[in-house]
Amino acid sequence: MTSSYGLEGRAAVVTGATRGIGRAVAERLAAAGALVCVTARDADEVRRTAAELGGIGVSGSVADPGHLRDVTDTALREFGRIDVVVNNAATNQPYGPLMDADPGAWREAFAVNVEAPLRLVQGAWHGWMREHGGSVVNICTEGAGHVGPNVGAYGTSKAALLHLTQQLAGELAPKVRVNSVSPGLVRTEMARFVWEAGEEQLAAGLPLGRIGEPADVARAVVWLASDAAEWITGADLLVDGGTRVRTAHSAREYAVHDRLRSYAPPRS
Ligand SMILES: NC(=O)c1ccc[n+]([C@@H]2O[C@H](COP(=O)([O-])OP(=O)(O)OC[C@H]3O[C@@H](n4cnc5c(N)ncnc54)[C@H](OP(=O)(O)O)[C@@H]3O)[C@@H](O)[C@H]2O)c1
């Protein structure tokens, strides 16, 4: 059963919502009675997802500021409000040692993972939230709390998003609450290269005994976005099956880092 948490009739924008965590978040928001606007680059997938959730969709890359303006304009035109923004779309590229990081791919990582969340919140703030209030949830990662092999661009940009979350929480209070959710390893396309081969070994090293499912993260996001969390801002909610506390649980090596170290991306 889904509690509506006061989300009935509210309007929410979820970026990167055609699959994985974003899709689960959008589904749960819709089930709680919210009007949802979903985004992603693949226009057919956006249309399909919007239709399945009874919401609307706007296709494009969050790296494009014009697309983000289109998202807020469309949501305001169709719903007349934007109460919730979930900044979920992200890239884990460029993958590899930082000394080999291509400058264009590095800029793209920051455009998608850091700048886009700021631009979208600016649009929602000026169009609705400054006057009426609202809440923002940024999807970070458990990995932003430490360093890891080959994920330097991803980790650095997500650590910046964590900082941005706290800065915005201070600047936009009391009208708008801004929080983040930091998932551990979750069964999605983005992380398939980590979990697909040898999931049992990964699960065995986690205190809660399994990798995450998109719904595990979605429940936390929707709760934080809702009035149930009305006195919470600037917080980061770890949803990681105990990844951070694993060293008190078992002496196993951290299998995620083994995967990241040994993974060789296909040449494009
Ligand atoms: N899965 C994990 O283990 C894990 C762990 C920690 C944090 N996270 C975070 O969770 C969030 C969701 O990841 P996920 O694992 O659910 O990924 P996913 O299954 O690959 O889904 C990504 C979604 O974002 C869209 N997207 C990708 N790039 C985009 C762009 N530039 N502009 C607009 N939409 C874009 C994708 O659709 P299109 O390809 O059509 O654009 C898709 O809808 C990300 O912020 C990720 O960093 C994931």
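This is a predicted model: local features need pLDDT of at least 70, side-chain atom pairs count only at pLDDT 80 or more; totals for chains, interfaces and linings use all residues.
Trainee: In what order do the strands of the open sheet run, and which strands form its edges?

Mentor: The seven strands of the open sheet follow the order β3-β2-β1-β4-β5-β6-β7, with parallel pairing. At the edges stand β3 (56-59) and β7 (236-239), each of which pairs on one side only. On average, neighbouring strands are turned by 15° against each other, direction ignored.

Trainee: Which helices pack on this sheet?

Mentor: Helix α1 packs on the sheet and touches β1, β2, β4, β5 and β6; its direction makes about 170° with that of β1. Helix α5 also packs there, touching β5, β6 and β7, and its direction makes about 160° with that of β6.

Trainee: How is the packing of two helices described?

Mentor: Two packed helices are described by the angle between their axes and by the distance between those axes. Here α4 (residues 103-132) and α5 (residues 152-172) pack at an angle of about 20°, with axes 9 Å apart. Therefore α4 is roughly parallel to α5. Their crossing is right-handed. The contact involves, among others, W106, F110 and W125 of α4 and Y154, K158 and L161 of α5. The residues of this contact comprise 15 nonpolar, two polar and one charged.

Trainee: How many residues surround the ligand, and which element gives the most to the shell?

Mentor: The ligand is surrounded by 30 residues, the closest being G16, G20, R41, A90 and T188. Helix α1 gives the most, with three residues. By class, the shell divides into 14 nonpolar, eleven polar and five charged residues.

Definitions and conventions. Residues are numbered from 1 along each chain as its sequence is written. Axes are lines fitted to C-alpha atoms, for helices over the stretch in contact, and angles run from 0 to 180 degrees between N-to-C directions. Helices (H or I, at least four residues) and strands (E, at least two) are DSSP runs, numbered from the N terminus. Angles under 35 degrees count as roughly parallel, over 145 as roughly antiparallel, 65 to 115 as roughly perpendicular and the rest as oblique. A crossing is left-handed if the near helix is turned anticlockwise from the far one by less than a right angle, and right-handed if clockwise. Two residues are in contact if their C-beta atoms, placed from the backbone, lie within 7 Å. Ala, Val, Leu, Ile, Met, Phe, Trp, Tyr, Cys and Pro count as nonpolar, Asp, Glu, Lys and Arg as charged, and the others, Gly among them, as polar. A residue is near a molecule or strand if its C-beta atom, placed from the backbone, lies within 6 Å of it. Two strands pair if DSSP finds at least two bridges between them.
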